[in-house]
Amino acid sequence: MRPYLFQFRVAFVRRISKLIPIMRIEEATKLDFKDVLIRPKRSTLGSRKDVDITREFTFKWSGLKYKGVPVIAANMDGVGTFAMAKAFAAEGSGLGVALHKHYPLEDLEAFFDQDGADSVWYSIGMVGADEEKLAAFLKKRPDAIDKLCIDVANGYSEHFVEYVKRIREKLPAITIMAGNVVTGEMVEELILAGVDVVKVGIGPGSVCTTRKMTGVGYPQLSAIIECADAAHGLGGLICADGGCTSPGDIAKAFGAGADFVMLGGMLAGHAQSEQQVVDRNGEKFLQFYGMSSSTAMNKHKGGVAEYRASEGKTVHIPYRGGVEDTLQDILGGLRSACTYVGAGRLKELSRRTTFIRVSQQLNTVFGCE
Ligand code: 5GP
């Protein structure tokens with residue numbers, strides 16, 4: 001081939017390969033909670049009673065102050081309920097509840113009239129009906145809420161960013177948590193759009209089938225580490241949402257840099273779930289389902305929309321009684337984790353955390369409990 005023709009061909013291929021995106025593989029292994037343990041460290045702490053597991057934040061955009069144990073019940077049927085909010089308020093350490101978005105307006109008004117709504121997030125999605133209900137609520141009770149959770153399955157659309165910007169313009173003094181995303185660049189975009197707390201997690205949830213149905217997702221521990229770094233660089237915060245199966249996972253999420261941790265499955269199946277308890281051969285069960293499962297869609301939207309595959313599952317889980325004991329386990333586990341690494345306050349946990357890669361984290365010879 002003549003030299004100038006060869007050069008022309010090389011230049012042409014270079015130019016074309018820039019125009020046509022090619023498939024890429026990121027070789028670095030991304031990690032989940034199960035892939036690591038927290039290494040213990042020498043400490044001067046006497047007992048886990050000495051540990052303060054509350055956090056204080058001033059939110060970037062709303063400017064509001066927050067103090068409490070930064071664990072939030074997910075905005076799911078069976079978890080983000082009025083009854084859960086009352087139980088959390090009675091517990092007294094400022095645990096949060098994101099209410100599911102399907103309560104009627106009148107019930108929301110009545111609820112926010114009572115004590116115990118301080119740590120509650122009002123939730124909306126991106127459908128017009130949610131925004132209309134919120135507008136109607138705020139018209140009647142303009143000062144009743146100070147925290148809003150904007151939740152969509154896929155936080156990557158431009159449409160979502162525009163939506164968040166619009167809500168921020170309308171509600172400058174309300175703390176906004178929004179998501180979900182799993183990568184730093186989208187965390188930054190959402191924070192710049194007016195989000196105070198970016199919700200992180202695609203596919204790790206206990207009743208989520210996104211990874212199975214779409215092949216999309218990101219191992220949750222790595223997502224938290226990368227997204228926390230991006231958010232903190234801009235003065236924003238993140239909420240690690242999904243994938244915690246035990247108090248140890250919650251400690252790992254905070255150790256990885258999460259400011260808040262959201263729990264679904266770990267809080268499901270309790271008396272506060274506001275779900276029917278069924279008796280099967282003398283044992284009690286409760287239904288628990290993903291918010292985009294066919295069960296949820298049939299219940300709230302009158303069927304599965306044609307364009308949308310169901311990305312959530314429905315399970316029956318043993319009834320666990322009141323949530324109080326579970327809360328004690330969660331708070332106790334978190335305090336203990338802090339003690340093991342010498343963190344006197346939850347704020348210090350991530351600084352004092354060194355993760356070690358493991359090939360097995362639990363001894364399952366007598367089951368996984
Ligand atoms: P968990 O704590 O149960 O592991 O995860 C709770 C989170 O799962 C929720 O906060 C929410 O982000 C996510 N989730 C809830 N329902 C669904 C669903 O139907 N599909 C998917 N993909 N995620 C869900």
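1. Cys227, at 0% relative accessibility, counts as buried (under 20% relative accessible area, with a 1.4 Å probe and protein chains only). Cys239 is likewise in no disulfide, and its nearest cysteine sulfur, that of Cys149, is 7.9 Å away. Cys239 also counts as buried, at 0% relative accessibility.

2. This is a predicted model, in which local features need pLDDT of at least 70 and side-chain atom pairs count only at pLDDT 80 or more, while totals for chains, interfaces and linings use all residues. Residues are numbered from 1 along each chain as its sequence is written, and side-chain values use heavy atoms, with hydrogens and water left out.

3. A search of the whole structure for disulfides (pairs of cysteine sulfur atoms within 2.5 Å) finds zero. For Cys227, which is in no disulfide, the nearest cysteine sulfur is that of Cys239, 12 Å away.

4. There are three cavities of 30 Å³ or more, a cavity being a set of points on a 1 Å grid over the protein atoms alone where a 1.4 Å probe fits but cannot get out. The largest has a volume of about 50 Å³, and its lining (residues with an atom within 4 Å of a point) includes His100, His102, Tyr122 and Lys133. That lining divides into four nonpolar, three polar and two charged residues.

5. In helix α2 (residues 82-91), the buried residues are Phe82, Met84, Ala85, Ala87 and Phe88, helices being DSSP runs (H or I) of at least four residues. These buried residues pack against several elements, including β5 (96-98) and α11 (324-341). Just after α2, Gly92 takes a positive phi of about 90°.

Definitions and conventions:
Buried means under 20% relative accessible area, exposed over 50%, partly exposed in between (1.4 Å probe, protein chains only). On a 1 Å grid over the protein atoms alone, a cavity is a set of points where a 1.4 Å probe fits but cannot get out, and a pocket is an open set with protein on both sides within 12 Å along at least five of seven lines; lining residues have an atom within 4 Å of a point. Grid points are joined across faces, edges and corners, and a volume is the space filled by probe spheres set on the points. Ala, Val, Leu, Ile, Met, Phe, Trp, Tyr, Cys and Pro count as nonpolar, Asp, Glu, Lys and Arg as charged, and the others, Gly among them, as polar. Helices (H or I, at least four residues) and strands (E, at least two) are DSSP runs, numbered from the N terminus. Contact means heavy atoms within 4.5 Å.
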